[in-house]
Structures are given as structure tokens and as C-alpha cells.
Amino acid sequence: MIQIALYGKGGIGKSTVSSNLSAALAESGKKVLQIGCDPKHDSTRLLTNGNSITTVMEYIRDTLPEDRLLGDILFDGYKGVSCVEAGGPEPGVGCAGRGILSMFELLDRLGIHEIPFDLSLYDVLGDVVCGGFAVPLRREYADAVFLVTSGEYMALYAANNILRGILNFDGSSPRVAGIIHNGRGLEHEDERVDAFAKAVKLPVVASIPRSELFAEAEKQGKTTLEAFPDSDVATVFRDLSEYISHLVTGSNRLYPSKPLENSEMETLVLGRNIPVIKPDQISSTHIPKGPTDGKDTLPVRKNLYSKSVRNKEPLHGCAFAGAVTTTSQVNGSLTIIHGPRSCGHIVTHFLSSNVLAARSRHGTDLPCKGEIASTDMGETSFIFGGLEELRNKLEEAASQGWEIVFLVTTCPAGLIGDDLETAVSMVQEQYPRTKIIPVPVDGNLAGDFAQGLVEGWKKVSELIDNSVSPEKGFVNIVAEKNLSDNVEVNFQTIESLLDDIGLKVNCRFLNSTTIDSIRQFKKGEINILAKKDDSSQLVRDHLENCFNASFTDMNFPIGFNETSKWLEELSHLSGRKNDAEMIIEKEKQIYDAEMTRLRPFLQGKKVLINTYSRSIDWLLDIIFDLGMDVLKIGLLHSSAEEGFSSKYAGKVHVEDNYTAQQREKDILDHRPHLVLSNYPPMFASDGVHYDSIPFCPEVGFRNDIFMAQRWSRLLRLPEIEGWKIDGEVIR
Amino acid sequence: MTFIPDALTGSIFAAESIEDCCVVLNSPTGCKFYHAHISNQQYPRESSLDPLSFAEEFYFGQPRIPCTYLDEDDYVAGSSEKLLSILPNVAPRQKGAIVVINSPGATLIGDDLKYTFKETGLEDQCVAIESVDFSRSAPEGFEKTLLEILKKYVREPGKSSSEKVNILGLSISHKHWEGTIKEIKRLLDLMGVEVGSVIPAGCSMDEIKASGQASFNIVLCAEYGLQVAKWYENKFGIPYIYCPEGAPVGFDATVSFLNSIAEAMDIDASRALEDISQARKTAYRKIARYNSLTGLPKGATFSIQADSSLALPLTKWLYYYLGMAPMAVKTLPGGDPEYERALCEFMKEIGFTDEWDIFPGDQPVDIAIADGHTVGSLRNQNMCRNGIEIALPAGEYLDMVQKTYMGTTGALMILEEVLNGIRMLS
């Protein structure tokens with residue numbers, strides 16, 4: 001069997017050419033299958049007495065997968081030509097290209113390749129050159145490709161684009177059968193088509209004259225071949241059918257694709273060179289310019305970009321997951337995921353894991369959070385758009401009485417371009433008491449996980465009531481690490497410290513936060529960042545710019561030194577300096593006593609640090625207080641943080657872009673007593689102990705003591721634990 | 001609440017179940033991190049989890065499931081360039097097949113995966129899964145992908161067929177899959193049946209290639225193996241054994257399972273049945289003493305959310321053998337229609353119609369049987385005294401001793417968890 005694809009610009013007459021060609025091939029005794037791959041689904045109409053057939057897309061939409069049968073979508077036409085129409089979604093929704101992909105998958109699954117056709121003919125829209133419409137260009141489908149064109153510039157441009165598509169698939173291997181010139185009766189049309197054919201080194205295998213017979217035949221719902229079998233036009237198609245027969249036997253050859261550059265096309269077809277205008281040559285006079293520097297003065301909407309997005313680095317995680325992690329922290333809200341179930345599974349898996357880990361590792365119950373639902377987009381939504389399912393889900397949520405509904409989008413929803421605003425406004429009109437807040441991050445189209453956190457925070461901040469005034473003694477906690485299992489333990493520590501100096505937490509923005517608490521956000525006089533990583537800084541910027549929020553410089557403190565300083569600074573604001581001093585004095589005695597006890601075990605020991613974290617002064621504090629030596633800090637590439645700022649800058653050697661090889665070399669060269677890493681390496685080396693640095697350490701006075709106690713024990717334990725030897729065996 | 005996995009997860013674990021096979025996800029990293037983590041947990045094949053050991057492009061610090069880290073540019077321009085880079089990078093580390101699976105977003109780009117295989121000269125090593133029916137059930141994705149692998153690699157059996165059998169319908173996504181293989185092999189060995197390979201859980205590509213030689217295919221969990229069994233039958237004429245009582249969970253279903261095999265293969269099951277008989281005696285002595293003090297376990301309550309092949313035998317067994325009351329029974333999507341029908345009928349017969357097809361968290365029970373997250377969450381909410389994890393996602397408990405819920409050993413294990421669980425304070 002030979003498979004042939006006919007590509008051409010929309011409206012060029014491909015369907016007429018395809019069905020006449022199929023008719024001619026069938027007349028010559030061939031068993032022909034014609035598949036229309038144009039959403040307007042009229043490819044085979046002339047073969048079926050002008051009747052429309054059920055399209056594959058309609059069938060996929062209306063029939064359960066296990067009930068689908070080939071006989072429901074494969075129809076007999078003129079002279080036994082088997083006809084299939086792909087169809088497509090309504091204009092403006094869904095993804096027609098995905099529809100073509102689904103059609104080919106379905107036909108394959110239903111066994112169409114088991115039918116012994118002599119020839120399959122694909123009639124494909126050539127204007128759209130996305131992956132879906134390029135499926136028939138794939139080698140497994142098309143053995144030969146014909147370009148159908150008139151002499152109009154845009155038709156030739158589309159033909160050239162198709163050649164570019166074929167080149168992408170094939171490189172220099174021959175698969176183009178030639179050009180079919182469907183004449184429009186234009187002046188110099190033949191010359192233009194011939195010039196193009198010559199330039200791309202292809203033959204014009206058929207020239208179909210403009211003829212009223214086509215319209216006459218169409219009125220009868222027939223091909224010209226059937227309606228006017230003795231016409232000249234019919235002869236052209238019979239000749240073309242003969243040409244194809246010779247392709248099968250090998251006496252006609254295929255050609256490699258040699259498309260022209262756009263500029264060559266323009267010169268060739270339009271007869272002129274069109275230079276590309278550079279931005280600095282002529283720009284629009286409608287843009288207002290600054291009087292002195294001549295630069296554009298239009299206000300550019302600023303956005304807050306995560307580290308990976310602003311540096312165009314590989315994206316770690318997706319914005320969708322980040323956004324859901326944020327919106328799901330709002331108690332009394334529902335987050336609707338507009339996407340496939342797998343997206344919901346992944347995000348709820350890590351949110352639930354965190355809840356379970358908090359309980360099992362720290363004995364803390366994470367307070368109630370918002371609920372999550374999903375539209376469960378499937379194949380049908382990919383093709384036809386997922387608005388109906390979305391609207392149903394929104395209506396369901398609103399009818400259940402949810403006060404706030406966040407709507408977070410995934411990659412497929414973004415790629416098919418579902419119009420959220422229309423769906424939202426329709427439901428909002430019907431249910432004015434439910435506020436629907438779209439978070440259109442479109443999977444990772446908006447960026448990475450960190451970007452999603454930021455987008456989520458921004459959207460949730462729309463609930464903040466700007467008219468609320470700050471009240472003395474209230475603070476907000478901002479950007480807690482919600483996926484850390486000690487988030488609640490840390491909060492409790494901070495809340496207790498704040499309480500000791502007369503400060504109350506107003507709003508946790510955002511962790512298990514009520515809608516009312518968010519509305520009252522501005523009641524918080526001071527804002528405290530949990531951590532100073534990149535995404536936290538971005539939410540700080542947002543809250544400062546949009547809500548005049550005032551932040552302390554210090555984030556959650558770790559260890560004695562940081563916590564003492566933090567308490568001192570905050571007690572200034574609360575006017576409870578004495579209380580802070582008393583607490584610090586009490587803790588100092590504990591700290592000093594432990595340092596004195598532990599120093600003999602650890603003094604003079606060499607430490608090698610490699611870490612993703614950029615804020616490790618709490619760790620360096622304890623190391624230096626114990627009299628240990630830092631050989632080097634190797635900074636690993638982090639998607640969440642950049643730079644390195646430390647009060648010890650200049651005192652310690654810091655190496656950026658640290659690697660596993662460098663670490664191994666440093667260990668062999670310097671023989672540190674202790675190697676501290678976020679992930680301790682598994683290899684064993686004599687005289688070296690390994691330990692981990694937590695990504696989210698426990699905050700407050702005692703964590704450094706805990707670490708020092710641990711190291712003092714660690715250095716007295718075997719350097720190489722027995723189980724590690726088995727790891728060597730596995731390797 | 002954790003959403004139940006869909007066909008994408010099923011598809012990934014079909015390929016990741018094979019020892020020397022690897023999934024390459026044509027996806028953003030968001031689809032990769034979770035699946036790579038679970039694959040590495042369920043079937044660790046590397047000695048370390050140190051991300052620095054897997055710092056190369058595409059791996060993102062994880063030993064399993066490299067991905068093309070699609071971004072906006074790729075969605076517009078296509079992902080071929082990244083695929084052309086990733087495949088030669090992964091291929092030298094991989095003895096077996098590379099299964100390239102499109103994420104939901106990638107299916108919309110329409111890249112020709114097979115073209116990239118050809119361009120990289122890896123056509124023989126690569127399998128393309130362009131779309132996995134997103135939002136449909138995990139078993140559907142699982143069987144679809146497994147069939148693609150089998151169609152490409154299973155060799156014609158030739159003249160000499162083997163006396164060995166294949167076990168079908170077990171994946172690394174099944175809880176205690178390694179212990180289950182050991183137990184099923186042990187029971188079949190007592191019947192003189194040798195297992196050639198377990199497809200796909202832990203098997204090698206060589207075993208896949210030779211699997212067409214088996215004398216019989218035995219289906220353990222029908223959701224994950226019945227279509228595959230039918231394919232082997234159509235393609236190679238290998239008969240399959242499907243037990244109408246479900247997977248061999250509990251004494252009764254295990255007896256039924258072994259009898260089905262004995263009947264189909266015309267062999268003697270007595271030694272294996274004796275094994276169960278001995279276990280029943282052991283169980284009797286323990287339960288009798290427990291029962292005489294407390295009257296339990298009769299009247300204790302349970303709830304189940306599991307694959308139909310597990311839910312059917314377990315519900316019936318706990319009801320008949322221990323006299324426990326099913327307060328909520330729900331099967332996971334993609335269940336075997338025969339089992340679902342049988343379970344629904346059973347619940348009706350015993351007068352528990354209202355308890356059928358409801359989520360196990362709606363009322364407190366003594367024993368909750370479900371995935372690790374559901375069990376953990378019910379425990380945290382004091383909605384059960386004890387939970388038995390029977391599906392993924394797993395809880396946090398690390399199993400060092402190989403366990404199973406199937407066969408004789410599995411039945412005793414379930415009894416142990418049920419009896420001890422009922423005694424716990426809620």
C-alpha cells in the first residue's frame with residue numbers, strides 16, 4: 001500500500017482535488033482510503049453524494065473508548081472509496097491539531113491497517129503547521145507528499161512552508177512527489193507556479209484548469225469525474241492517477257524537500273526584495289517618547305519573576321504546583337485544578353505527604369486547609385476545549401456555597417487556550433456570592449514552582465482589605481515553607497517567642513490561613529519573612545509595593561546568635577526590651593554551658609561544607625563558636641537561591657558551582673573530619689564523617705546546640721558504617 | 001486528600017517495572033520529580049540518592065526518569081531538539097528499552113517521537129507512547145504501555161515452547177510486589193509449576209523477549225494483566241488463567257486461585273493447599289484465644305478502597321472468615337468489570353448495599369484498608385484504629401522484611417494487622 005498526503009493552503013481546492021483523485025484511482029480498480037484532515041470536514045463530501053459523514057472528533061466526543069468501532073467512522077463512497085473525516089472543535093476553542101493526532105491513534109487502535117487498501121490519501125490543511133497537522137507528514141503515514149497550490153503568493157508560501165516541515169522530518173531523503181497546480185485563472189499564474197517549482201526543484205505533475213464544471217459537479221454532490229466523466233478535467237485526474245501508479249511501481253520518482261528562504265520566496269513570487277526593518281530604524285509614531293532621551297514612555301507592567309524564569313534556566317517544577325501549594329493554604333476556599341487528573345495527583349501527593357510527615361516526625365497536626373478539586377481534563381477536552389467541564393465544576397462549587405474558589409490552570413489548559421474569563425464570568429453572574437479567582441499559570445508556561453508560589457501569593461493578596469489600618473502589637477508571618485514537615489513546629493516556636501515579647505500573630509500569609517485573616521492582613525503592623533530565599537523576597541516586594549507592608553530585616557532566626565538578635569530587634573518595636581533581655585540571658589547560660597562542654601570534642605576539627613542553601617550563618621556561628629575550622633564552602637547550583645551573603649565573607653573560602661568531583665577531590669586532598677551536605681554522599685572514606693544540613697532547619701534558640709551535640713557524638717562513632725560497605729558492593 | 005493516580009502514572013510504572021528499562025518523559029520537570037521519586041522508592045536500582053551523583057542535564061538530581069524539561073519555547077517550537085539530545089545521553093546507560101512517554105502538555109505539541117528515534121539511530125531501543133488517555137485510570141495507562149513494549153520485543157516462540165508460566169498483572173506500583181513474587185513462586189513451586197517471568201514487575205528485557213514461550217499466563221491482578229493475557233493468547237496462543245474470585249488475597253481466594261491453576265494446567269495442587277491448611281490451623285489457635293477473651297474480631301468493622309481484584313477477595317474473606325462488617329467498600333478506577341459486579345452483588349446479598357461504593361473516610365471503623373495516604377489521614381483523624389496499606393501512594397513506614405498480602409503468607413499478614421489493629425486505642 002502507498003500512503004499519499006495532499007497538503008495545501010485552506011481554500012485552495014485540496015478537497016476537490018483529493019476527492020477527484022480518489023475517484024480516478026478507484027475507477028482504475030484501486031482500493032482507496034481517503035482521510036480528510038481538515039476541521040471543516042468536507043474532504044469526502046463529493047464522494048458521498050454531497051452528504052456529511054460522522055466525523056472522528058464527534059465520535060470521540062460522544063462514544064466511550066471501549067465502545068468505539070471502526071465501522072462507525074469509516075464510510076463507503078463513490079466506487080467503494082472508503083472515507084474518514086477527522087472534523088475538529090468549534091472555531092476558537094480546543095486544539096484541532098490534537099484532534100488529528102487522536103484520530104490517527106484511534107484509527108490505528110481500531111485496526112484500520114488490517115484492511116488491505118492499495119492507497120491511502122490524506123487531505124490536509126497546510127496553513128496550520130503545528131505538530132498535529134504535521135502528523136500525516138510523518139514517515140509512518142505518508143510515503144509521498146503532493147503540494148496543492150495556485151499561483152497566488154499565499155498559496156505558494158504555504159506550499160513552501162510544507163516543504164520546510166518535510167525537511168524537518170526527513171532531511172534530504174526524497175519524499176515529495178510534486179506540485180499539483182490548481183489554477184485560479186490569474187494573470188501569469190502558470191509562470192509563478194513554474195518558477196516556484198523550478199526553484200524548489202520539483203515537477204508540476206498536474207495543472208488543473210479553472211473550470212465551471214467543478215461548481216456544476218459540486219451542486220450535484222459529485223466529483224467532476226463522476227458528473228462529467230468525459231471532460232478535460234476528468235482526464236487531468238486520470239492522468240494524475242496514472243502518475244501515482246507509476247510512483248508505486250517506481251517509474252516515477254520522489255524528490256527531496258528543498259524549501260526557499262522567505263526572502264527568496266518574496267523575490268521569486270513578488271519580484272521584489274523586502275528588507276527586514278530593524279527596531280532602531282523606523283518605529284511606530286504612536287508610541288510616546290521621552291523629550292530628552294527619546295525612549296518609550298509607555299508604562300510597562302512590571303512582573304515579579306523567579307530566579308529560573310528571569311535567568312531563563314531550566315524550570316524546576318511547575319508554576320501550577322507552586323500556585324496550588326499557595327492557594328490550598330486558604331481555609332474555607334476551594335482550589336479547582338483545570339487539568340488532567342495526573343496534575344492533581346502529583347500536587348495532592350506532596351501536600352498530603354507533608355501533612356503525614358508533620359504528624360509522624362514532629363507530632364504536629366497541620367491545621368485545616370483549603371480543599372482541592374479537579375476538572376479531570378481528558379482527550380475530549382484536549383480537542384474540543386475544556387470549558388464545559390470547567391463551567392460545570394465552577395457551578396458545582398458555587399452551588400455548594402464556597403465563598404472563595406481559586407482556579408489554577410495546567411499546561412494543557414493553557415496550550416489549548418481555554419477562555420477562563422468567559423467561564424468565570426458566566427458562573428460569577430449566576431452565583432454572585434462566590435468569588436472566583438483565576439490563577440492562570442498554565443502549568444509551567446508561567447514558569448517554575450517558585451514562580452507559581454509567587455503567582456499564588458499575588459492572587460490570594462487580592463483578598464486583602466486595603467482599608468484596614470495597622471494595629472500595634474500585631475505581626476504577620478509571610479512565606480512560610482509550606483512543604484517542610486517542620487513548618488508548624490517552627491511557627492509554634494516563633495509564636496511563642498513573639499508572645500514572650502508581647503507580639504501577636506495577625507495573619508500567616510500563607511499557611512492554614514482563614515479568609516478573614518487575609519482580609520485583615522493590614523492589621524499587622526510588622527511583617528516577618530520566614531526565609532530570605534528568592535521567592536520569599538518576591539512576595540515581600542509585592543506586599544511592600546501593593547499594600548505598603550513594612551518588613552523586619554531578619555527572617556526566622558536559627559540558633560542562639562540569630563535568635564538573640566531577632567528578639568532584641570522585635571522587642572524594640574513592642575517596647576518589651578527587658579523581657580527579651582531576660583530570655584536571652586537565660587538562653588545564653590544554656591548555650592555557653594553546652595559550648596564549654598562540647599568544645600573539647602570539636603575544637604580544631606576541620607569541616608567541609610557543600611550546600612544548596614545560601615543563608616548558613618547560623619551554621620557558621622556554631623562551627624566557629626566551637627572552635628572548628630571551615631575548609632571550604634562549596635555552593636551547589638540552586639534553583640531557589642542565588643548569590644551568597646554572610647557576615648563571615650572573607651573569612652571563609654567559598655566556591656561556586658561546586659560539583660561531586662570537586663567534593664571528592666577536596667575530601668581526598670584535605671581529609672576533613674566532618675563533611676556537611678544537604679544530601680550526604682554515600683561513599684566511604686577513612687577518617688571522614690558525613691552529616692546532613694537540613695534544608696529547613698528548626699528555628700529558635702536550640703537548633704545549633706542540637707547540631708553541636710550531634711556532631712560531638714558523630715565524631716566518636718565509626719567513620720564508615722557497615723551498611724555503606726554494601727553500597728560499594730552494589731556499585 | 002490525595003487524588004488517585006491516572007493513566008500517566010500507570011504508563012510510567014509499566015515501563016519502570018522492568019529491571020533494565022527506563023522511562024524518558026517528554027515533559028516539564030513538574031511531571032518528572034514525583035514519578036522519579038516513587039520509582040526510586042519502589043524499585044531502587046542505584047546505590048545512592050545523592051543528587052550530585054545525577055547532576056547531568058535531564059536527570060535533575062534523580063537517578064530515574066530523565067526528562068526533556070519542556071518550557072514555553074518547546075511548546076511553541078517543538079521538543080525534537082531536546083529529544084535528539086536526551087536519547088543519545090540516556091542510551092549508553094541503558095541496557096534495555098527506553099520508553100519515551102509524552103506528558104499531557106507534550107501530546108499537544110505533536111512531536112514525531114519515532115522520527116527522533118530514527119535520527120538518533122535508536123529505533124530498536126526506543127518505544128514511543130505519544131498519548132496515554134489522560135485522566136483515565138492508572139490500569140488503562142499501565143496495560144496500554146506494557147502492550148506497546150510487548151508488541152515490539154516479544155519474540156516468536158519458535159518450535160520449543162517452555163513449560164514455565166508467566167505471572168501477569170503485577171507492577172512495582174503494587175504494595176509489597178517483591179514479597180508477592182516470592183510468595184506466588186513458592187506456592188506454585190509446591191505445585192511443580194516453574195515461573196519463567198513476572199511481567200513486568202522486576203523482570204528483564206530478556207525475559208520479556210522470551211515470554212512468548214510460556215505454557216500458561218497466570219493473571220494475578222486482572223486490571224493490570226487481563227488485556228495483556230488476551231494479547232498473548234491472540235498472538236502466541238498462550239492460554240491464560242484468570243481466577244473469578246480475584247487475586248489470591250485471604251485463604252479462600254488463594255485456594256480458589258490455586259485450584260484454577262491446577263484445573264487449567266491439569267496438575268496436583270494438594271501440597272500448596274496443605275500449606276494453606278497448616279496456616280489456617282496456626283491462625284485458628286491464635287484467633288480462638290483472642291476471640292474467647294473479647295468476642296472479636298467478629299463484629300469489628302472495616303473499610304476498603306482498593307483495586308477490584310484485591311477488594312473483592314478481601315471483603316468476602318474478612319466477612320466470612322472473621323465475621324467483620326464492611327462499612328465502606330470502594331474500588332479504584334479501572335477495575336475489572338466482572339469483579340466489580342461480583343463485589344456489588346455480594347454487598348447486596350449480605351445486606352450492606354448502602355456501604356458499597358462509598359469513601360472509607362465517611363465513618364469511623366476499626367480497620368481501614370487503602371493506600372498509605374488515605375490510611376495515614378484516617379489514622380490522624382481517628383477514623384480508624386489501624387490501617388492496612390494495600391496500594392500506592394505509600395505511607396512513611398519502611399519495610400525491610402519482604403511482605404505480601406497475597407497467598408498463605410499474605411493471609412497471615414493481614415490477620416496479624418487486623419487482630420492487632422482492632423486492639424489499638426483509636
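The legends below describe close-up views of a predicted model.

In this predicted model, local features need pLDDT of at least 70 and side-chain atom pairs count only at pLDDT 80 or more, while totals for chains, interfaces and linings use all residues. Residues are numbered from 1 along each chain as its sequence is written, chains are lettered from A in the order in which they are written, and side-chain values use heavy atoms, with hydrogens and water left out.

**View 1. The interface of chain B and chain A.** In this view 51 residues of chain B are in contact with 64 residues of chain A, contact being taken as heavy atoms within 4.5 Å. The two chains bury about 4,700 Å² between them, 59% of it on carbon and sulfur atoms; buried area is the accessible area (1.4 Å probe) that two parts lose on being put together, summed over both. Of the area that chain B buries against chain A, 17% comes from B:Phe3, B:Leu52 and B:Leu108, more than from any other three residues.

**View 2. Polar contacts and the chain B side of the interface.** Between chain B and chain A, 16 residue pairs are in polar contact, both residues being at pLDDT 80 or more (a pair of N or O atoms within 3.5 Å, where within protein one must be able to donate a hydrogen and the other to accept it, and residues adjacent in sequence count only if both atoms are side-chain atoms). Helix 2 of chain B gives the most to the side that touches chain A, with seven residues, helices being DSSP runs (H or I, at least four residues) numbered from the N terminus.

**View 3. A salt bridge between the chains.** B:Glu396 forms a salt bridge with A:Arg361, the closest N and O atoms being 2.6 Å apart; the term requires a side-chain nitrogen of Lys or Arg within 4 Å of a carboxyl oxygen of Asp or Glu. B:Glu396 lies in the loop between strand 11 (384-391) and helix 16 (407-423) of chain B, and A:Arg361 in helix 12 (residues 341-362) of chain A, so the pair joins two chains.
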